[in-house]
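Trainee: I would like to work through this structure by question and answer. Could we begin once it is displayed?

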Amino acid sequence: MKKKSLYRQVIPYLFLLPAFVMMAVFSYYAIGKALVNSFMNVRFGVIGEFVGLENYQRAFSDPVFKVSFINQAVISGFAVFNSIFWPLLAAELLFFVKKGRFHDFLRFGFVVPMMVPSIVIILLWKYLYNPHFGFNSILNRIGLSDWTRNWLNEEQTALISIVLIGFPFVSGMYFLIFHTGLNTLSADINEAARIDGAASLQIVTKIHLPNVKPYIKTVFTLSLISSLSGFGNVFATTGGGPGYSTMIPALQMYQIAFGDGNFGYSSALGILLMAVIVIVTILSRKLFGEED
Amino acid sequence: MKTRISAGGIVSRIFILILLILTFVPLFVMFNMSLKPNVLIKTDFWGLPTEPYWANFVKAFSFSFKPVLNSLIVCAISLVGIIINVSLAGYAFGCLKFKGKTILYNLVLAVMMIPYTLMIVPTYEIVTKMNLLNTYWSLIIPYISGQQIFGIIIAASYFQGLPKDLFEAAEIDGANEWGKFFIIALPLSKPILITVGITAVVAMYNDFIWPTVVLTSGDEIKTFCQIVFNNAAGKGSNDLGLIAAAFIIGTIPLVVSMASTLKYYIQGMMVGAVKG
């Protein structure tokens, strides 16, 4: 057999070159840089000296970081529950609506909000939480003026208000995942259950839930990771306040970097956050994986 | 056979309709606000306008035009880069044999694990060193690099599924690797490239955190979602009607691009979800 010419051997790497050149700089060098920064005293990109584990020690004794993690646990806990419960509920309800125009209308309806930029939706919620109008005007109208709050600016209500942004949490991708999941169950299974006289609720609990489990697992992992690494909604609504009542690690990391200019400490927080994300991802895979 | 709708069926229909209505509350608020003058929004937030106040749209158009254009320029240039990188690398991983393929592929997969947040600081340092701050390129280059990862992974598995005999036939006809790529693989990969493209465009158009980091000088270069975010932070107009009209104007490009490719977008997210 003829040996491939050198040029032909090199071709595959030429195909990969553009992608890998960019990854070399913006992925591998960047992550290395983050790691190095976390052991250095870096201010606004100017490298100071090697400080060992000082940045990490500081993180563990930082009271704000502790509060951030607790807030994050609350936000992520609710985010995961809401990302599974409500879209699954809607997908189940839709399942029992006979295929037809109404069915398609409902499905399309839940997809539409995906086409609006997320920051726009967040800001609209911010208006709903406004002390002078929004939800408060409803409360005033129905005579519950005592219940009105400055929702995002009071320590007691800020965190829960952020958690509730997006209620009823149905629109978009997670709904579609469950919808697809339920529709890939063979029609025979559902038909057989109906002929056996199983009521809708039994079909849901005995047949759907066990079969939809892989999709629940997917949504669990996806929503957990996205809530741990994202900080857009807190950033745009409360900025972590009032005080530190809604501060979360990702936002704290951002503020330490671009507010205080302390890139070193910020990178240490980032590495810790990444470690948490990796551990949580592995744990959640284990948690569900054992029964697969 | 006509199936009778049970009482339970009616309850579930009503319930899902309520969920749908609640989902649309923010969108209703947006349209309602956009058609009312600012004073009326503050005094009667939920009430419908007696007469649509179109002046909001006229005024909003003039100040949201440039940010939307900026977003579109950034998305368009990034998209070209992403499609080039993804089709080439996806083809190599999917169709070609070479040494170190598994290792290189795993290197791509590993990048998927890194949270976006951790990359902000080092990427900012790199972009600063490249003297790109406050240019479109400070968005475009990191976007290409970040968005190509997911694209390469799904494109590789798509290319792998293409029928092998097509390539063998082309080889007999004397086509070299580039010929096979341009004449056979590329035309066949249209659906997957649309999927990759729309997923990336949606993510880039929606992003406001990275623009906030690197575009800090003047408003004339800022993207639409960045301007919206700045407004949330208390900068810019206080006229809520105007803001809501600007929201709608800035949503149009996303609706247009997604409406024509929704099928591909959903497919992309599904594959991404399963892989993730």
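This is a predicted model: local features need pLDDT of at least 70, side-chain atom pairs count only at pLDDT 80 or more; totals for chains, interfaces and linings use all residues.

Trainee: Is chain A spread out or a compact globule?

Mentor: Chain A contains 13 helices and two strands. Its C-alpha trace spans about 85 × 70 × 35 Å along the principal axes. The globule rule gives 19 Å for 292 residues, and the radius of gyration of chain A, 25 Å, is well over that value, so chain A is more spread out than a compact globule.

Trainee: What percentage of the residues in chain A is buried?

Mentor: A residue counts as buried if 20 or more other C-beta atoms lie within 10 Å of its own. Of the 292 residues in chain A, the buried ones make up 40%.

Trainee: Which helix of chain B gives the most to the side that touches chain A?

Mentor: The contact draws on 74 residues from chain A and 70 residues from chain B. With eleven residues, the element of chain B that gives the most to this side is helix α6 (residues 116–129).

Trainee: How many residues on that side of chain B are nonpolar?

Mentor: The side of chain B that touches chain A includes 15 polar and four charged residues. The nonpolar residues there number 51.

Terms used
Residues are numbered from 1 along each chain as its sequence is written. Chains are lettered from A and ligands numbered from 1 in the order in which they are written. Two residues are in contact if their C-beta atoms, placed from the backbone, lie within 7 Å. Helices (H or I, at least four residues) and strands (E, at least two) are DSSP runs, numbered from the N terminus. Ala, Val, Leu, Ile, Met, Phe, Trp, Tyr, Cys and Pro count as nonpolar, Asp, Glu, Lys and Arg as charged, and the others, Gly among them, as polar. The radius of gyration is taken over C-alpha atoms; the globule rule is 2.2 Å times the number of residues to the power 0.38. A residue is buried if 20 or more other C-beta atoms lie within 10 Å of its own, exposed if 12 or fewer, and partly exposed in between; C-beta atoms are placed from the backbone.
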